[in-house]
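Work through the exercises below with the sequence and the coordinates open. Each task is followed by a solution in steps.

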Amino acid sequence: MKNQFQHLFNSQQAYFLKELSDSPIKKRLKKLKSLHNWIKKNEKLICEEIYKDFEKGEEEVLLTEIKPMIDEIKQHYAHLENWAETKSVSTPLAFLGSSSKVIYEPKGVSLIIAPWNYPFNLCIGPLVSAIGAGCSVIIKPSEHTPNTSNLIERMVSELFDKKEITVIQGDVEITTEILKLPFNHIFFTGSPKVGKIVMEAAAKNLTSVTLELGGRNPTIVDETANLKDAAQKIVWGKFLNSGQTCIAPNYIYVHESKAEKLQEKLIEQIEIQYPKSDKTKTKIVNSIHFGRLTDLLDKTISSGGKLIHGGERDENFNFLSPTLISDISIENPIFQEEIFGPILPILTYKKLEEVIENINKTEKPLALYIFSKSRKNKQLILNNTSSGTTAINETTIQFAQPHLPFGGVNHSGIGKAHGKYGFQEFSNQRSILKQRVGFTTLKTIFPPYTNFKKKLIRFISFRL
Ligand code: NAD
């Protein structure tokens, strides 16, 4: 049976070849400018629609959904010309007479699939990179945030011809159908489980993929850390968006001599940053995820975890308060999962080596956090673990540092996003070698292989 999106795909492909494949940078920047203006003009509306989806407060929407998009566009304004510029490379002696360069060409028709937790940011961020690179795009936003997805669809239809950029809304069935099309690139943000499905579908067409996946992000607090500072930053990074953040600390590993003090400071910080009187409380996105989290909390406690703060739930609003659990062992089920909600388990350790060993027994995380004043400890952790991103004495803000690549490693992701790195994901780095006509040094080693040529080949083969 013919794919219901084939016609749309064909029209994007034809438009790409005719209008986009060598579109000037100025034209791309103009499109980004109109996107910027739309976001600026409709800031209130964006906040309102995201609020309807999961009651996220305006300040958090500004900080995590709107500002990063404006910054991403600004980055393109400042650097796109340079990223897209043809780069000459040097010529080795054996290639004398030739010249070589790398040109950045847009990959072509691209698909962006986004999750629900930052529903605007995670659609528009990759879209900015795709426009910067000169691609045409189909966006598939999350079905779990319908108000934001409708708004994105409206925005895209007001700004772009659907032959260039369009939105298809839908659930798993629709996405499965879209994934059958032979895209030139797929940029997927979501869970590792669905990431594998996307990669399998992409493999059928040998489509390149960027996979921005999830992770169980370890947060290590050693015996030298400033506990008040660590608690402030951990509480902020963990409970932002009610813990529904891919780079939120998943669990804390604290040195046993500091565990009690850190727990006190974390509770103090939760009371300061999330007072009970605060009316704007980001809820869990839907009852399925709310049920998953409350079941996990119950299971964690029945497996030996001790509730030391929070745990209040309101199923009418899918709300779970910031929750701390101590006495967690690595056998506790919560240690094995990406929590993706406002529950923070705390483990203790005696020796840093045991922490490193346990981190390395599990999949490589998207983010790893170190709170320490010891250069030796920081280096030991960095040298002996792997993660997509790492922040030292900080949490989560590495996402917003526009000059850093953002992404995971293996199970937490493939490929990188943001700024230059996002541009490169949607670009083919095409290498061009231009040779002179007539005599070239390379011709001196063409067959037949005389004794002289044999010696010459041996000489050039082993010369360092
Ligand atoms: P998800 O993987 O369930 O869904 C993501 C997208 O895939 C949605 O658009 C959904 O419609 C689609 N999808 C779901 N099942 C599918 C299937 N069987 N076939 C094809 N498409 C399918 O993820 P989610 O629940 O929306 O988001 C949470 C996950 O995303 C977490 O694991 C989180 O860590 C991760 N995440 C990662 C990043 C990052 O930048 N690395 C950012 C945000 C979220």
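**Exercise 1. A three-stranded sheet**

In what order do the 3 strands of the open antiparallel sheet stand?

Solution. The model is a predicted one.
Step 1. The order is β1-β2-β18, and the pairing is antiparallel.
Step 2. β1 (87-89) and β18 (427-434) have a single partner strand each, so these two are the edges and one side of each lacks a neighbour in the sheet.
Step 3. On average, neighbouring strands of this sheet are turned by 30 degrees against each other, direction ignored.
Step 4. β1 is joined to β2 (residues 99-106) by 3 bridges, and the two run antiparallel. Within this pair, S88 stands opposite K101 of β2.

**Exercise 2. A proline pair**

Is the peptide bond from P447 to P448 cis or trans?

Solution. 
Step 1. Omega of this bond is near 5 degrees, and the bond is cis.
Step 2. P448 is located in the loop between β18 and α16 (451-462).

**Exercise 3. The ligand shell**

Describe the residues that surround the ligand, and explain why the ligand lies between two domains.

Solution. 
Step 1. The ligand is surrounded by 27 residues, of which A114, E143, S191, L213 and E338 are the closest.
Step 2. By class, the shell holds 16 nonpolar, 7 polar and 4 charged residues.
Step 3. E143 has a polar side-chain atom 2.6 Å from an oxygen atom of the ligand. From the backbone, an N or O atom of G190 lies 3.3 Å from an oxygen atom of the ligand, and an N or O atom of L213 lies 2.7 Å from a nitrogen atom of the ligand.
Step 4. On its own the ligand has 840 Å² of accessible area, and the protein covers 90% of this.
Step 5. Elements that contribute two or more residues to the shell are α7 (172-178), β6 (185-189) and α8 (192-204).
Step 6. Shell residues come from both domain 1 (6-213 + 414-428) and domain 2 (218-407), so the ligand lies between the two domains.

Notes: Residues numbered from 1 in each chain as written. Predicted model: local features only at pLDDT ≥ 70, side-chain atom pairs only at ≥ 80, totals over all residues. Heavy atoms only, no water. Near = heavy atom within 4 Å. Polar contact = N/O pair within 3.5 Å; in protein donor to acceptor, adjacent residues only side chain to side chain. Areas by Shrake-Rupley, 256 points an atom, 1.4 Å probe, with all protein chains shown as cover. Helix = DSSP H or I, 4+ residues; strand = E, 2+ residues; numbered from the N terminus. Nonpolar A, V, L, I, M, F, W, Y, C, P; charged D, E, K, R; others polar. Domains from an automatic or database assignment. Pairing = 2+ DSSP bridges. Axes fitted to C-alpha atoms, helices over the stretch in contact; angles between N-to-C directions.
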